[in-house]
Amino acid sequence: MAGSASTGESSRETRTVAIDAEVLAGKRFAYQEDMSLVEDIDLLAATPGQDINWLEDITLLEEDGVPAVFDRYSNSFLKIYFDIPPGREDEIARKVLIRHLTDGNSYGITLKDIHCKFPQVELGPWVEDSPIVGTDWKRPVLEGWTAPAGH
Amino acid sequence: MPGSGSRSGVSYDARGLVEPHAEMPDNIEVDGHRGRFDAADLTIRQINMALRQLIYNDGITDVTVLNPSSKHSLAVGILKRCRIHFEGSPGWFACGLIDGPEVTINGRVGWSVAENMMSGVVTIERGAGSLTGAAIRGGDLIVKGDAGARTGIDQKGGTIIVTGDVGINTGFMMQRGRQIICGNAGMNLGDSMYDGSIYVAGKVRSLGVDCVPGEWDDADTELIERKFRIHGLGDPPEFQKFVCGKQLHNYDALEPSERKLVIH
């Protein structure tokens with residue numbers, strides 16, 4: 001997940017943390033390579049209101065020279081490896097992102113079950129009847145640690 | 001949710017949050033997928049507990065809250081598709097941090113309505129205070145009246161529509177998204193904005209640093225007509241578009257690095 005490189009100008013090490021969705025997940029997903037797996041996604045049904053709502057701000061970007069869509073729920077880029085038909089760049093980027101989120105593959109979603117302090121839907125607002133997580137959060141306890149006197 | 005500690009007679013839960021009156025209200029009416037309750041005599045905590053219980057646990061998709069009575073921080077952090085109606089006026093920070101709800105407010109709101117909204121639709125039938133839509137990231141926020149200073153400050157996405165006037169420093173440090181202002185704009189419109197578009201139909205008192213008139217194209221017409229149509233706002237007036245002049249920030253140096261987390 002993290003690589004190291006010398007800055008060349010300083011003795012301090014600079015470490016760049018990857019923001020690639022498949023690096024965070026540890027694997028590549030089939031819908032990154034096969035457009036047929038996202039073609040049927042209904043963007044209007046997946047978003048609130050009468051248009052595509054928040055997806056208006058989602059466009060096809062590029063990361064490491066590869067077409068990619070940004071997943072704001074995990075602060076990572078989801079690369080797209082299939083050829084995107086001209087004129088459909090943003091539409092396909094949005095469909096790949098929605099498939100990624102509704103399948104629960106966004107890294108931010110996988111963290112919810114462990115770290116949520118407040119009840120919330122695990123898969124976000126895109127999935128009806130998503131499980132609720134965060135209902136039983138307990139303060140983590142560091143084994144062997146005792147509070148200093150006076151605390 | 002029982003308290004797990006007590007200091008000075010006040011109960012705290014395991015997260016360290018104070019929980020006064022943490023009992024669920026007993027005046028909730030449920031009819032199928034609809035819920036309704038009167039918030040006049042409830043605490044903020046109770047109102048938000050009731051909303052979460054209905055929406056998250058009881059499968060209610062349409063909730064009406066009567067008499068919000070200008071209480072602050074109502075319907076904050078609701079992360080599910082649903083409909084919420086406020087019959088009356090909430091106070092500050094209403095509907096902050098939401099992701100998915102479609103909210104109608106049959107009244108006015110105080111500061112920072114829909115702050116940090118991720119997605120959804122918030123429609124306010126009357127005016128809104130300062131910081132309307134501060135830092136919103138997505139969704140539509142419609143104010144059918146005037147909005148105060150710093151409307152859409154630090155906006156990172158989404159669309160803010162104000163049918164009346166907006167105050168000073170509207171669009172300050174805007175980074176993305178769209179503002180559609182049907183009335184006049186106060187001083188320093190779009191000051192230090194980084195990206196995004198601001199459409200103004202009325203007069204602009206003054207432009208902020210690096211905010212300049214933009215070139216109108218077909219996408220602007222499509223956006224304006226679509227938003228007016230789906231929100232029932234009638235025929236749109238003539239707008240002038242304003243964008244970032246891109247002279248203030250060092251784009252060539254910033255663009256690649258802002259997307260990476262670099263630890264020194």
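Contact here means heavy atoms within 4.5 Å. Helices (H or I, at least four residues) and strands (E, at least two) are DSSP runs, numbered from the N terminus. The structure is a predicted model, in which local features need pLDDT of at least 70, side-chain atom pairs count only at pLDDT 80 or more, and totals for chains, interfaces and linings use all residues. Residues are numbered from 1 along each chain as its sequence is written, chains are lettered from A and ligands numbered from 1 in the order in which they are written, and side-chain values use heavy atoms, with hydrogens and water left out.

Start with chain A. It has three helices and seven strands. Along the sequence they run β-β-α-β-β-β-α-α-β-β. Of its 151 residues, 42% are buried. Buried means under 20% relative accessible area, exposed means over 50%, and partly exposed lies in between (1.4 Å probe, protein chains only). Take the contacts in chain A between residues at least 6 apart in sequence: 45% of them join residues at least 24 apart. The accessible surface of chain A is about 8400 Å², and carbon and sulfur atoms hold 50% of it. Such areas come from the Shrake-Rupley method with a 1.4 Å probe; for residues, only the protein chains shown count as cover.

Now look at helix α3 of chain A, residues 107–115. Its buried residues are A:G108, A:I109 and A:K112. Seen down the helix axis, these buried residues fall within an arc of 100°, so they line one face of α3(A). The arc is taken from the directions from the helix axis to the C-beta atoms. An α-helix has 3.6 residues a turn, so residues three or four places apart point the same way. What covers the buried residues of α3(A)? The cover includes α2 (89–102), β6 (120–121) and β7 (132–133) of chain A. On the other side of the helix, A:D113, A:I114 and A:H115 are exposed.

A:Y107 also belongs to α3(A). A:Y107 is partly exposed, at 33% relative accessible area. Together with A:L111 and A:I114, A:Y107 forms a nonpolar surface patch of about 260 Å² accessible area. Patches are made of residues with over 30% relative accessible area and no salt bridge; like charges are joined within 9 Å, and nonpolar side chains (Val, Leu, Ile, Met, Phe, Trp, Tyr) within 5 Å.

One loop residue in chain A deserves a look. A:N53 sits in the loop between α1 (21–25) and β3 (61–63). A:N53 is not a glycine, yet its phi is positive, about 50°. A:N53 is buried, at 2% relative accessibility.

Turn to chain B. It has three helices and 15 strands. Of its 264 residues, 51% are buried. Among its contacts with a separation of 6 or more, 27% are between residues 24 or more positions apart. Chain B exposes about 11800 Å², with 49% supplied by carbon and sulfur atoms.

B:S73 lies in the loop between β5 (62–66) and β6 (83–87) of chain B. B:S73 has a positive phi, near 55°, and is a residue other than glycine. Is B:S73 buried or partly exposed? At 28% relative accessibility, B:S73 is partly exposed.

B:G129 is in the loop between β8 (119–124) and β9 (140–143) of chain B. B:G129 counts as buried, at 17% relative accessibility. Leaving aside neighbours within four places in sequence, B:G129 touches B:V109, B:G110, B:W111, B:A147 and B:G148. B:G129 and B:V166 are 37 residues apart along the chain, and 9.6 Å separates their C-alpha atoms.

Helix α2 of chain B spans residues 218–230 and holds B:D220. B:D220 is buried, at 4% relative accessible area. Beyond neighbours within four places in sequence, B:D220 is in contact with B:Y199, B:E215 and B:K241.

Last comes the interface. Here 34 residues of chain B contact 35 residues of chain A. The size of an interface is often given as the accessible area lost when the parts come together. The two chains bury about 3100 Å² between them, 49% of it on carbon and sulfur atoms. Buried area is the accessible area (1.4 Å probe) that two parts lose on being put together, summed over both.

How many salt bridges does the rule find across the interface of chain B and chain A? It finds five. A salt bridge is a side-chain nitrogen of Lys or Arg within 4 Å of a carboxyl oxygen of Asp or Glu. The side chains of B:R178 and A:D57 form a salt bridge, with 3.1 Å from N to O.
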